[in-house]
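Here is a short tour for anyone meeting this structure for the first time. Have the 3D view open as you read.

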Amino acid sequence: DDVKAFTREMKENRKVSPSAANAYVESNSEAARFLAILQKKPQPTTAVYKQMKMSTRQCDALKRELLDLGLIEAIEERSTKGKTKVLKTTREGASLS
C-alpha cells in the first residue's frame, strides 16, 4: 500500500511522505544499494554508476527518482579540469539505512 501511495504522490508531483519514500527504498533493492554506496562517502556520479554495475540509463532513472524523493542531492564541483557532479545522501536518505 505504501508503494502505491508513493507512485500516486510522484505522479501528482506532491511532496513525498517519509513513509512512502521508505517503502520505495525497501521495495527497490537497487535504490537501497545506491543509497548504501553514497552513505559511505559522497562520490562523483560516474563512480557510483560503476559500482552499481548497471546501464547508464538505468542509473540515471534511479538517480532521478532518489533526487525527486529528496533522499540524495547532486552538488556541482568545479576544478581546473572542469565540472563534476558529486552525489551525497540527504538527512532523510541517511536515516533510511
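What follows goes through the sheet, the helices around it and the salt bridges.

## Before you start

This is a predicted model, so a few limits apply: local features need pLDDT of at least 70, side-chain atom pairs count only at pLDDT 80 or more, and totals for chains, interfaces and linings use all residues. Residues are numbered from 1 along each chain as its sequence is written, and side-chain values use heavy atoms, with hydrogens and water left out.

A word on labels: helices (H or I, at least four residues) and strands (E, at least two) are DSSP runs, numbered from the N terminus.

## The sheet

Let's begin with the strands. Three of them make an open sheet, in the order S1-S3-S2, with antiparallel pairing. Strand S1 (43-44) and strand S2 (72-79) sit at the edges with a single partner strand each, so one side of each has no neighbour in the sheet. Two strands count as paired if DSSP finds at least two bridges between them.

S2 and strand S3 (residues 82-89) are joined by eight bridges in the antiparallel sense. Together S2 and S3 form a hairpin, with two residues between them.

In H3, the buried residues are Ala31, Phe34, Leu35, Ile37 and Leu38; buried means under 20% relative accessible area, exposed over 50%, and partly exposed in between (1.4 Å probe, protein chains only). The arc is taken from the directions from the helix axis to the C-beta atoms. On the face turned away from the buried side, H3 carries the exposed residues Ser29 and Lys40.

Helix H5 (residues 56-69) lies across S2 and S3, running at about 110 degrees to S2. H5 has 14 residues and reaches 20 Å from its first C-alpha to its last, close to the 20 Å expected at 1.5 Å a residue. That expected span is 1.5 Å times one less than the number of residues. Cys59, Leu62, Lys63, Leu66 and Leu69 are the buried residues of H5. Seen down the axis of H5, they fall within an arc of 125 degrees, so they line one face of the helix. On the other side of H5, Thr56, Arg57 and Asp68 are exposed. Gly70 follows H5 and has a positive phi, near 80 degrees.

## Helix H4 and Thr45

Which residues of H4 are buried? They are Thr45, Val48, Tyr49 and Met52. Seen down the axis of H4, these fall within an arc of 100 degrees, so they line one face of the helix. H3, S1, H5 and S3 are among what covers them. Thr46 and Lys50 are exposed, on the face of H4 turned away from its buried side. Just after H4, Lys53 takes a positive phi of about 55 degrees.

Thr45 belongs to helix H4 (residues 45-52) and counts as buried because its relative accessibility is 12%. Leaving aside neighbours within four places in sequence, Thr45 is in contact (heavy atoms within 4.5 Å) with Lys63, Lys85 and Leu87.

## Two salt bridges

How many salt bridges are there? The count comes to two, where a salt bridge is a side-chain nitrogen of Lys or Arg within 4 Å of a carboxyl oxygen of Asp or Glu. In one, Lys88 and Glu73 meet at 3.6 Å, N to O. Lys88 lies in strand S3 and Glu73 in strand S2, so the pair ties together parts that are 15 residues apart in sequence. Lys88 is partly exposed at 29% relative accessibility, and Glu73 is partly exposed at 32%.

The side chains of Glu76 and Arg78 form a salt bridge too, at 3.7 Å, N to O. Here Glu76 is partly exposed at 39% relative accessibility, whereas Arg78 is exposed, with a relative accessible area of 64%.

Notes. Axes are lines fitted to C-alpha atoms, for helices over the stretch in contact, and angles run from 0 to 180 degrees between N-to-C directions.
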